[in-house]
Amino acid sequence: MFPHHREREQPIFSTRAHVFQIDPTTKRNWIPASKHAVTVSFFFDANRSVYRIISVGGTKAIINCTVTPSMTFTKTSQKFGQWADSRANTVYGLGFATEQQLHQFSEKFKEVKDAARLAREKSQDKELVNSALSIAAPQDLSDDLQSPPVMCVNGPEDKLFRSQSADITLASEKERIKKMLSEGSICDMNLEAEFFTLQDSNTKLVAALHEANANVEQWKKQLGAYQEETERLREQVADLEAHGGHGPSDLLKDELTQSLEELEALLKAKDEEIHILQSKRAEYHEMEHERDEAIRRLREVEMRNSELERRVHNTETNLSNSLEDRDRLDSEIQRAVGILDIKIFDLNDLRQNLVKLIDK
């Protein structure tokens, strides 16, 4: 989003890992942020002395975390580690292929955290030195070196104050839009994680549905065979009842009746299983609808992010123009002050000459 920031940042370490984020609702379950292992890199900005952890999946930033001295990377298993980012209000988890990769990342995290702490201490020391120098600076000048009183020039000062006010307004608007864009990016990442989860569930459900369809076909064949067997047995029972004592014994009749009842119970059980599979098919269609809804929401968030990026770019352009206008006004004011100094000096010289003429 800010290409000039990326130009002055340099990668110092890279590895590959599966990225996860904590579920913001339960704060217990992990949500996969990538379908497969992605590159996770440490970047260093020498101008600002800032370290960041960045990971990009496709065209989206999965991780964009500024390392602070208060962060801690914790190994929770042999190949998994995590750390909390209070600015993004989330917890990141990384799953590595080997223990060695996890160890290398953990050591680099500690090194970068210590470097960030040293950079912060140096920055604080520099601020203290500057404050001390400003306090110790001489406040009074000698009478011989005092400059003449500066006359008020309402026009340029008015323009300067209006420029500074516009500058402050544009800066606050820029910060507000950046905050909105950050919130939109987090929402975008959450929607992507939800979309990947739905895709995984959809894949599993499709496989289960294909297996169930194959079983249904097999059960239908078995059901047809059982129905034929049942009809045959019913016909035998009817023949036995029609012939009376000329047929087999009552014991054989009872066995046939029992077999018929068992087959009917089996048919009923198969019918229930077929009904359950049909209900699962309805759940599959509902899951497809949820996936389509997630895709639609993801596209809406992408469109909103694009609009926010455009607004931030316009704000930066306006801010740059305002800064240029302010610099131009400063130069004009300095030139006007110089001209006024010359005029005052000429008037003073003229006054002294007039006093000399009067004295004569």
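**Figure 1. Overview of the predicted model.** Of the 360 residues in the protein, buried residues make up 27%. The model shown in this and the following views is predicted. Its secondary structure comes to four helices and eight strands, and, read from the N terminus on, the elements follow the order α-β-β-β-β-β-β-β-β-α-α-α. The protein exposes about 24500 Å² in total, and carbon and sulfur atoms supply 53% of that area. When contacts between residues at least 6 apart in sequence are considered, 65% of them join residues at least 24 apart.

**Figure 2. The largest nonpolar core of the protein.** This core has 25 residues, and those with the most contacts inside it are V19, I53, I63, W83, L94, F105 and F109. The elements that give two or more residues to the core are the strands β1 (9-22), β3 (38-45), β4 (50-57), β5 (60-66) and β8 (90-95), together with the helix α2 (99-136). The largest share, five residues, comes from α2. Apart from this core lies another one, of five residues, which includes L233, V237, L240 and L263.

**Figure 3. The surroundings of F105.** Once residues up to four places away in sequence are set aside, F105 touches F13, T15, V40, F42, F73, W83, L94 and F96.

**Figure 4. The aromatic pair of F13 and F42.** The structure holds 14 aromatic pairs. In the pair shown here, the ring centres of F13 and F42 are 6.0 Å apart and the ring planes stand at 50°, so the pair is described as tilted. The two residues link distant parts of the chain, as F13 belongs to strand β1 and F42 to strand β3, 29 residues apart. F13 counts as buried because its relative accessible area is 17%, where buried means under 20%. F42 is likewise buried, with a relative accessible area of 0%.

Figure 5. F73 lies in the loop between β5 and β6 (74-75), whereas F109 lies in helix α2, so the pair ties together parts of the chain that are 36 residues apart in sequence. Both F73 and F109 are buried. S106 is also found in helix α2, and with 2% relative accessibility S106 counts as buried. Leaving aside neighbours within four places in sequence, S106 is in contact with F73 and K75.

**Figure 6. A nonpolar surface patch that includes L350.** L347, L350, L354 and L357 form a nonpolar patch on the surface, and together these residues have about 420 Å² of accessible area. L350 lies in helix α4, which spans residues 250-359. Because its relative accessibility is 46%, L350 counts as partly exposed, a class that falls between buried, under 20%, and exposed, over 50%.

**Figure 7. E273 and A212.** E273 lies in helix α4 and, at 30% relative accessibility, counts as partly exposed. E273 and A212 are 61 residues apart in sequence, and their C-alpha atoms are 10.0 Å apart in space.

Technical notes. Residues numbered from 1 in each chain as written. Predicted model: local features only at pLDDT ≥ 70, side-chain atom pairs only at ≥ 80, totals over all residues. Heavy atoms only, no water. Patch = residues over 30% accessible without salt bridge, like charges linked within 9 Å, V, L, I, M, F, W, Y side chains within 5 Å. Areas by Shrake-Rupley, 256 points an atom, 1.4 Å probe, with all protein chains shown as cover. Salt bridge = Lys/Arg side-chain N within 4 Å of Asp/Glu carboxyl O. Buried < 20%, exposed > 50% of the residue type's maximum accessible area, 1.4 Å probe, protein only. Core = buried A, V, L, I, M, F, W, Y, C linked by side-chain atoms within 4.5 Å. Contact = heavy atoms within 4.5 Å. Phe/Tyr/Trp six-rings, centres within 6.5 Å; stacked < 30°, edge-to-face > 60°.
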